[in-house]
Structure formats: structure tokens, C-alpha cells
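Work through these exercises with the structure open beside you. Try each task before you read its solution.

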Amino acid sequence: MLLEHFIFMQDESPGFYYAIDLDHEKRLRNVFWVDAKGRQIQNPFVPVVGVNNHFQFIMFGCALIGDVCASSFVWLMRTWLKAMGGEAPEVIVTDHENSLKEAIQEVFPDAHHRFSVWHILTKIPEYLSAIINQYESFMENFNKCIFRSWTEVQFKKRWWKMLDKYGLKEDPRFRLLYEDRQKGVPAYLGKICLAGISTNDLYGSITSFLDKYVHKDSTFKQFSEQYKAFSQDSANYG
């Protein structure tokens, strides 16, 4: 069904591009496609999004991948690079995932990779619900540390004070956040232009928009039927 859809789309638009990755048993593992308008993507589920000069998002492409390990992202990024004629992005903003970090280091070593602070903030309540319920001031302190630390020295001072106050010095998730501070904390970002996609509601609005079309229990058939409406609506979104 999915392959038939791609063949049809390529007949309709010669600029439509797709690639399929099979495992050692010839079963579908990853699939990538890009439409003629922007060389466009899909995953379980990976959207490739840019921002125009009006701070509106542009959906370049999408990918469906079999898992979220580094090798799948490496395949995806290399396929994306091929679809883009070898032109690599200068700045990449992603969710806070080690597999993405490893893949970008391998495929786009010269790109400025940054993590979305919005994504990090949405994950905090999931694994710190007990701390948040016990201490009403935690999120206020966390936001102050992240968003209102104007220098690296100020951030470090507030970070360790906060972890000591809430007993989080040995928490592996916070150790990882600290290790990756140069990829997400505004005090470390310097003059790199992220067009607002890392820290404000734009990243969240993209996610909300995609949620209308992509559901974890959708079949390939349902997803392919939604794709046409998704492509048309994303072209008018902003």
C-alpha cells in the first residue's frame, strides 16, 4: 500500500523522492520521502522542519523509521542529505535524545546541533512528578536556572545549588542534562540564530499540528490516507 502510494506520487510529480530501507530478512525497516515542494519527511515519526523569515514553520519532509537507535537516524540523515543534493544544514534543533546526537555527529559533524528546551521541559513532569508535587518552587527554580542565567558561571552556580536543594545531584537524567548544557541552555548558545524554534512555543505548536494527523496506533494505510491532507494543510500553516 505504501509503495503503491509512492509510485503514484512519483508519477504525479517527478520531483517526488522516496527511499526504502529493508532489514536482513527483507522486511521494511525505515522509509523516507520528500515531496517536490520542499523535499519533505515522515517516521514513528520524524518530521523535518525549518523556519522562514516570518518565524513560521515550513515542513520540508518526514520519515517513518523502525526504531529510534542511532543507526536508523544515520540512515535517515544520509538519505535526507542525498535528497538535498548534498547540501548540509548549518544548524539542527532536535529532541533531547542521545541517538540523535550520535547520528548528527557522524553525518553532519560541522553543523551546530542544539536541543529543544521546549522538549526538555515537557519531559520534566514525567520523571520528576514526586519532586514537583512535593516542592511547588521546583519548576520556578528550574526555569530561572535555564532561562534567566545570563552567563555560564551564573548557570553553573544556580544549577548545582538547585540540585543540592532538591537532592538531585546523583540523578542520571540531570547529569545528562548538564553534560549536554552547551546544546540547550541559552547562556551557552552565543550568537547562533535558532529562529525561536528551540525555546519558545513554536516547537510546541509544530508538535500540536502534527498530532492532528499522526497517531501511534495508526496503520500504514490510515497514515498514507492522511498524508495528502497533512501536506496540503502544512503548506498553509503558520
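Predicted model: local features only at pLDDT ≥ 70, side-chain atom pairs only at ≥ 80, totals over all residues.

Residues are numbered from 1 along each chain as its sequence is written, and side-chain values use heavy atoms, with hydrogens and water left out.

**Exercise 1. Check the span of helix H7 (residues 152-165).**

Step 1. Helices are DSSP runs of H or I, at least four residues, numbered from the N terminus. H7 has 14 residues.
Step 2. The expected span is 1.5 Å times one less than the number of residues. For H7 that should be 20 Å.
Step 3. The end C-alpha atoms of H7 are 20 Å apart, which agrees.

**Exercise 2. Find the buried residues of H7, and say where they sit around the axis.**

Step 1. Buried means under 20% relative accessible area, exposed over 50%, and partly exposed in between (1.4 Å probe, protein chains only).
Step 2. Phe-155, Trp-159, Met-162 and Leu-163 are buried in H7.
Step 3. They cover an arc of only 95 degrees, taken from the directions from the helix axis to the C-beta atoms, which puts them on the same side of H7.
Step 4. An α-helix has 3.6 residues a turn, so residues three or four places apart point the same way.
Step 5. Turned away from the buried side is a face with the exposed residues Val-153, Lys-157, Lys-161, Asp-164 and Lys-165.

**Exercise 3. Name the partners of the buried side of H7.**

Step 1. Contact means heavy atoms within 4.5 Å.
Step 2. The buried residues of H7 pack against helix H6 (138-147) and helix H8 (172-179).
Step 3. Take Trp-159: leaving out residues up to four places away in sequence, Trp-159 touches Phe-142, Cys-145, Ile-146, Phe-174, Leu-177 and Tyr-178.

**Exercise 4. Which residues of the largest cavity's lining are closest to its centre?**

Step 1. On a 1 Å grid over the protein atoms alone, a cavity is a set of points where a 1.4 Å probe fits but cannot get out; lining residues have an atom within 4 Å of a point.
Step 2. The lining has 14 residues, and Ile-120, Ile-146, Leu-177, Gly-184 and Val-185 are the closest to the centre.
Step 3. H4 gives the largest share of the lining, 3 residues.

**Exercise 5. Is Tyr-17 buried or exposed?**

Step 1. Tyr-17 lies in strand S1 (residues 17-22); strands are DSSP runs of E, at least two residues.
Step 2. Tyr-17 counts as buried because its relative accessibility is 17%.

Note on methods. 1 Å grid on protein atoms, 1.4 Å probe; cavity = no way out; pocket = protein on both sides within 12 Å on 5 of 7 lines; lining within 4 Å.
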